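Welcome, and thanks for sitting down with this model. Let's read it together, one feature at a time.

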Amino acid sequence: MMAGAPIWKGSASCRFCLVDNQTLFLEIANLTTQRSKLRAVTRDTLVNHGWRKAARYDAYDVAILLTVSSLNRRIDSDNVAKALLDALTGLIWHDDRQIRRLLVEKDEGSGPAIRLRAQPHDGERRLATDFAATLGRVD
């Protein structure tokens, strides 16, 4: 459990905090699928506000929440996720193939358009276990 409130760094357009020196939270104000824009805003924010951690080779669990004004808005969640994961390559992980679990959810509301949580993979095989149980198969 974290002691005290997280210390956010950045600006209204993009900010981040690192919890327990291993879990990264990132918030981006504008929703886009353009890799170059996400790369610029995330790299500028992280590097300009003291990000000194080297990219790691560990496996990661990543959760992304996209907040839209209307669920009818035509935005492909998978394209936003891929662009964001690519933008963080070299800063958080060496290659987005290191991501073992990825959850992307789109919700209606206001606030930061993109929220990301990246943390070391917990080692559990939830889906493999769930599918095996559902289909009546055992590894």
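Q: Is Phe 16 buried or exposed, and what is its relative accessible area?
A: Before the case itself, a word on the model. This is a predicted model, in which local features need pLDDT of at least 70 and side-chain atom pairs count only at pLDDT 80 or more, while totals for chains, interfaces and linings use all residues. Residues are numbered from 1 along each chain as its sequence is written, and side-chain values use heavy atoms, with hydrogens and water left out. Now the general idea: buried means under 20% relative accessible area, exposed means over 50%, and partly exposed is in between (1.4 Å probe, protein chains only). Phe 16 has a relative accessible area of 4%, so it is buried.

Q: How many aromatic pairs does the structure hold?
A: Rings of Phe, Tyr and Trp (its six-membered ring) pair if their centres lie within 6.5 Å; planes under 30 degrees apart count as stacked, over 60 as edge-to-face and the rest as tilted. Here there are 2 aromatic pairs. In one of them, Phe 16 and Trp 51 sit edge-to-face, 5.8 Å centre to centre with 80° between the planes. Phe 16 belongs to strand β2 and Trp 51 to the loop between α1 (35-48) and β4 (60-68), so this pair ties together parts 35 residues apart in sequence. Trp 51 is buried too, at 10%.

Q: At what angle are the planes of Tyr 60 and Trp 93?
A: Their planes are at 65° and the ring centres are 5.3 Å apart, so this pair is edge-to-face. The pair links distant parts of the chain, with Tyr 60 in strand β4 and Trp 93 in the loop between α2 and β5 (99-108), 33 residues apart. Tyr 60 is buried with a relative accessible area of 4%, and Trp 93 is buried with 0%.

Q: Which strands does β3 pair with, and in what sense?
A: Helices (H or I, at least four residues) and strands (E, at least two) are DSSP runs, numbered from the N terminus. Two strands pair if DSSP finds at least two bridges between them. Strand β2 (residues 14-19) pairs with β3 in the antiparallel sense over 6 bridges, and Cys 17 stands opposite Phe 25. These two strands form a hairpin with 3 residues between them, and Asp 20 in the turn has a positive phi of about 55°. Strand β6 (residues 114-120) also runs antiparallel to β3, joined by 5 bridges, with Glu 27 opposite Arg 115.

Q: How many residues of β3 are buried?
A: The count is 5 of the 6, so β3 is largely enclosed by the rest of the structure. Thr 23 lies in this strand (residues 23-28) and is buried at 12%. Contact means heavy atoms within 4.5 Å. Leaving aside neighbours within four places in sequence, Thr 23 is in contact with residues including Cys 17, Leu 18 and Arg 117.

Q: Where is Ala 83 found?
A: Look in helix α2 (residues 77-88). Ala 83 is buried, with a relative accessible area of 2%. Apart from residues up to four places away in sequence, Ala 83 touches Thr 33, Gln 34, Arg 35 and Leu 38. Ser 36 is 47 residues from Ala 83 in sequence, and 8.2 Å from it in space, C-alpha to C-alpha.
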